[in-house]
Amino acid sequence: MSYPYQLTTLDAYHDAYRRSVADPEEFWADIAENFLWKKKWDKVLEWNFTEPKIEWFKGGKLNITENCIDRHLELKADDPAIIWEPNNPEERTRIVTYARLHKRVCQFAQVLKNNGVKKGDRVCIYMGMVPELAYAVLGCARIGAIHSVIFGGFSAQSIADRLEDAQATFIVTCDGAYRGGKDIPLKSIIDDALIGNKTIQRVIVYTRTRTPVSMIKGRDVWWEDEMEFAETQVEREGVVSFPAEEMDAEDPLFILYTSGSTGKPKGVVHTCAGYMIWTNYTFVNVFQYTPGEVHFCTADIGWITGHSYIVYGPLSAGGTSLMFEGIPTWPDAGRFWDIVQKHKVNILYTAPTAIRSLMGFGLEPIDGKNLSSLRVLGTVGEPINEEAWHWYNENIGHKNCPVVDTWWQTETAGTLISNLAGVTPSKPSWATLPLPGVQPLLVDENGKEVTEKDEHGYYNGNLCIKAPWPGILRTTYGDHERCRTNYFATYPGLYFTGDGCLKDENGNYRITGRVDDVLNVSGHRIGTAEVENAINMHSGVVESAVVGYPHDIKGQGIYAYVIVNHKHGDDDLTKRDINQTVSRIIGAIAKPDKIQFVSGLPKTRSGKIMRRILRKIAEGESGNLGDTSTLLDPGIVEEIRSGKL
Ligand code: WTA
C-alpha cells in the first residue's frame with residue numbers, strides 16, 4: 001500500500017496547498033475517500049470561529065480502530081504494528097503484529113465491556129510505556145469510550161483533578177512503571193488520587209514491575225485475569241472479533257489535559273474522523289513514510305505527540321511504530337543509537353531537549369553505532385536552536401537525512417507547520433511552510449495583520465490560524481466557553497496559538513516561543529499560574545511569582561520568586577520543602593529550578609505583578625528594565641536584582 005495523497009515533489013506540495021485553500025471541502029473529501037467508513041459523510045465542513053463550532057465529515061460513521069487495525073489485516077496480518085523496546089536492554093523485545101494487535105485490542109474492548117464501560121464513558125489511562133497502553137487506548141476507541149491518558153509523571157493530586165473534571169468512571173493502570181533506574185509506583189499513586197473520589201467504579205491493573213499493590217475488593221481487578229476471561233469467552237461464544245462501535249465523525253475520541261495561562265489544566269477534546277485524517281495525513285507527508293519503514297517517536301503516549309505519532313498516525317497508515325519504555329540516558333547515553341541500530345530505525349522523531357542533553361555526552365556514545373538505516377530525523381515540542389539542529393543533522397543524520405522541524409500543539413492534533421522530508425526545503429531552526437489546509441496569519445497585539453518587516457527583515461507577530469483544518473480541537477471538556485475565551489476570543493475570527501512567530505519573505509515560519517504565561521520546560525507545557533498555585537499551597541509561603549528563563553538543556557527553566565513568612569530550618573530545607581509541595585500538587589516535572597526568596601514582588605498600584613521585570617531579571621538582562629515608575633514600590637526591584645540566583 002502506498003498513499004495516493006502523499007506529496008512527493010515540491011510542485012505537488014504547492015499544488016495541494018493551493019487546492020486546499022481554494023476549496024477545502026473538495027480537497028479533504030478526496031483524502032477522506034482513502035479511509036474506511038461505515039457510512040460516508042453528508043457535509044465535509046461546517047464552521048464558525050465565533051462560538052466556535054467546527055464539524056468535519058458530519059454524518060459520517062466510522063471507527064478509528066478499523067482504520068488503524070482491521071483494514072490492514074488482509075495484507076499485513078504478520079507485519080509488525082508495534083515493536084516494543086523495554087527499559088532494560090537485557091529484557092526481551094516484543095513484536096506485536098497487526099494480527100496480534102487486533103486480537104489484543106478486541107480482547108481488551110471485551111474486558112471494558114465486561115466491566116461495564118459504555119460508549120461515551122471516560123476512561124482514565126495511567127500506565128507506563130508498555131504495549132498494553134496502546135491496547136488500552138485502542139480498546140477504548142473500539143467501544144467508543146473516551147480515553148484520557150495521563151502522563152506517568154503527574155502526581156495523585158493532578159490525577160484527582162483530571163478525574164473530577166472528566167467525571168471519569170474507569171481507570172486502567174499498572175502496578176508500576178520502569179523509567180531508567182527508577183520504578184514509579186503507579187497503582188499506589190492512583191490509590192492516593194482515589195481518596196474521596198466518588199465516580200470511579202473500577203480500576204484495571206496491569207502487572208509490570210511486580211511492586212506490591214493494594215487491591216480493593218469490588219473496585220480493583222487484574223488486567224491478566226480479565227484478559228484471560230475475555231479470551232475464553234471469545235472462544236466459548238465463538239466470537240473472533242469484537243465488533244467496532246459505529247461512531248459519528250464528530251463523536252469525541254479522547255480528552256487530553258494541557259496547561260494554559262490559568263491555574264487549571266484544560267481537557268482538549270478531539271473527535272474521531274478529523275483527528276484520524278489529520279494525524280494520518282501529516283504522518284504520511286511530513287515524514288514521507290514508506291510502508292515497511294520503522295518509525296521511532298521517542299515521546300510518551302501521555303503527551304499528544306505519543307497519541308498522534310506512536311499510535312494513531314503510524315497505525316492508521318499501516319506502519320510500524322517503535323515504542324520505547326525507557327529514557328535516552330539509561331543505562332547510558334547511547335541508548336537511542338543502540339535502538340536505532342538494533343531495530344534498523346528509519347525515522348527518528350524526538351525533542352530538542354533530548355538532543356541537547358545527548359550533545360552534552362559528546363560523540364563517544366555514538367561511536368561505532370550503525371545509524372545507516374536512518375532516513376529522516378524529526379524534532380517537536382519546542383524551538384530547536386541552530387547548534388542542536390546542526391549536531392543532529394551532522395552526527396546522527398550524517399547530512400544524509402532531512403531534518404523536519406514540526407510545529408504543532410495538543411490542540412492541533414498533528415503538525416501544522418513543517419518541511420516535508422526531502423520534498424520541501426529545510427532551514428535550521430525554522431519550521432518552514434504550513435501543511436496543506438493550514439492558513440497561518442501573524443497579527444500584532446490589536447489583531448491586525450503584520451504587514452511591515454522588523455529591523456531584521458522579518459514579519460514578527462502572534463501566530464494565528466485563519467480557518468479550520470480537520471484536526472483542530474472542538475472544545476475543552478465540560479466547558480465550551482473556556483475553549484472560546486482561550487483560543488477564539490483574543491483575536492475574533494482567528495484561532496490563537498499562544499506562540500510568537502517570525503516569517504521570512506519566502507513564507508517560512510519560525511516559532512519563537514510562547515507569548516502567554518505558559519512555559520515550555522523540556523518540551524512539556526507548564527502554566528506559570530499552576531506552579532504558583534502549587535507553591536502557594538506550602539504553609540510558609542505568602543505569595544509567589546513564576547517565570548521562565550533560558551536553560552541550556554531544558555530550553556526553559558522555572559524561576560520562582562517566593563515570599564515566605566516562615567522558614568522551617570534553613571533556606572535550603574525550605575526550598576526543598578517547596579519543591580516537595582510542587583511535586584505533590586502537580587508532579588516532579590513542575591519543580592522550580594531556582595527559588596529566590598524575596599520580601600516583596602514588583603506590583604503596579606492596582607496590584608498586578610509586573611512579570612516583565614521578573615522575567616528580565618531571571619533572564620539576567622536586568623540592565624534595562626524599562627519603565628518602573630508605575631510600580632508601587634520601585635525599591636523592591638533593586639532588592640530582587642541584587643539577590644538574583
Ligand atoms: C511549542 C507539542 C517551536 C509551541 C506537540 C507550542 C514548538 C507548544 C514546536 C505546544 C516547534 C511545539 N518549534 N515550538 N517545532 N513544537 N512547540 O501542546 O510553543 O505539548 O505552542 O504540543 O510547544 O506544546 P504541546
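How much area do domain 1 and domain 2 bury between them, and what share of it is on carbon and sulfur atoms?

## Domains

Domain 1 and domain 2 bury about 1,600 Å² between them, with 48% of it on carbon and sulfur atoms. Buried area here is the accessible area (1.4 Å probe) that two parts lose on being put together, summed over both. The protein chain is assigned domain 1 (10-412) and domain 2 (518-642); these bounds come from an automatic or database domain assignment. Their C-alpha centres are 34 Å apart. To the contact (heavy atoms within 4.5 Å), domain 1 gives 23 residues and domain 2 gives 22 residues.

## Basis of the model

This is a predicted model, in which local features need pLDDT of at least 70 and side-chain atom pairs count only at pLDDT 80 or more, while totals for chains, interfaces and linings use all residues. Residues are numbered from 1 along each chain as its sequence is written, and side-chain values use heavy atoms, with hydrogens and water left out.

## Ligand shell

The ligand has 17 residues around it, of which Asp405, Thr410, Asp499, Arg514 and Arg525 come nearest; a residue counts as near if one of its heavy atoms lies within 4 Å. Helix H11 (304-316), strand E20 (403-406) and strand E25 (509-514) each supply at least two residues of this shell. By class, the shell holds six nonpolar, six polar and five charged residues.

## Polar contacts and cover

For Asn520, a side-chain N or O atom is 3.3 Å from a ligand oxygen. A polar contact is a pair of N or O atoms within 3.5 Å. Of the 520 Å² of accessible area (Shrake-Rupley method, 1.4 Å probe) that the ligand has on its own, the protein covers 97%.

Notes. Polar contact = N/O pair within 3.5 Å; in protein donor to acceptor, adjacent residues only side chain to side chain. Helix = DSSP H or I, 4+ residues; strand = E, 2+ residues; numbered from the N terminus. Nonpolar A, V, L, I, M, F, W, Y, C, P; charged D, E, K, R; others polar.
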